[in-house]
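Good morning, and thank you for coming.

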Amino acid sequence: MRLAIMIICLIGIWACPATAQDMRRRVISGDRIVVQGVEIQLRDTECPAETTAEGREAKRIMNIMLFARKLECSYDKKPDGNVGDCIYGPSAGARVGRSMADELKRRNLCQPYGRT
């Protein structure tokens, strides 16, 4: 009985960091994310509304990229909010990563900002 209680407690302790990490990364829309409590608009990127199939797909892809093992974000503080980009990759030690903004544009889910 004590062993079972100890195991449950250990599982609870190990689960907490993962939950905290998940709360520190969140997708708002196809071109807007939250990383470590900072909301970031992807630089030069405009995605369709979530009411469209493209908007839902952009948000789905963004969720995959945001929770990659390698994630490095940078942003500039602007009057309208933070604008930046994140580089994601398959592992924390990966030398090469991909830009989230470039990946969404490459997949034709989002367009360069200001395009008509």
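**Strand pairing, core and pockets**

Strands E5 and E6 form a hairpin with 2 residues between them. Helices (H or I, at least four residues) and strands (E, at least two) are DSSP runs, numbered from the N terminus. Please note that this is a predicted model, in which local features need pLDDT of at least 70, side-chain atom pairs count only at pLDDT 80 or more, and totals for chains, interfaces and linings use all residues. Residues are numbered from 1 along each chain as its sequence is written, and side-chain values use heavy atoms, with hydrogens and water left out.

Let me stay with the strands. Two strands pair if DSSP finds at least two bridges between them. E5 and E6 are antiparallel, with 9 bridges, and Glu72 is placed opposite Ile87 of E6. E6 also pairs with E3, in the parallel sense, over 3 bridges; here Gln41 faces Val83 of E6. Finally, E6 runs antiparallel to strand E7 (residues 98–99), joined by 2 bridges, and Tyr88 stands opposite Arg98 in E7.

Which residues does Met65 contact, leaving aside neighbours within four places in sequence? They are Leu71, Tyr88, Met100, Glu103 and Leu104, contact being heavy atoms within 4.5 Å.

Now the pockets. On a 1 Å grid over the protein atoms alone, a pocket is an open set of points where a 1.4 Å probe fits, with protein on both sides within 12 Å along at least five of seven lines; lining residues have an atom within 4 Å of a point. The largest pocket holds about 280 Å³ of space. Among its 15 lining residues, Arg32, Gln41, Leu42, Val83 and Tyr113 lie nearest the centre. The second largest pocket holds about 150 Å³. Its lining has 11 residues, with Val35, Gln36, Leu71, Glu72 and Cys73 closest to the centre. E5 supplies the largest share of that lining, 4 residues.

Technical notes: Grid points are joined across faces, edges and corners, and a volume is the space filled by probe spheres set on the points.
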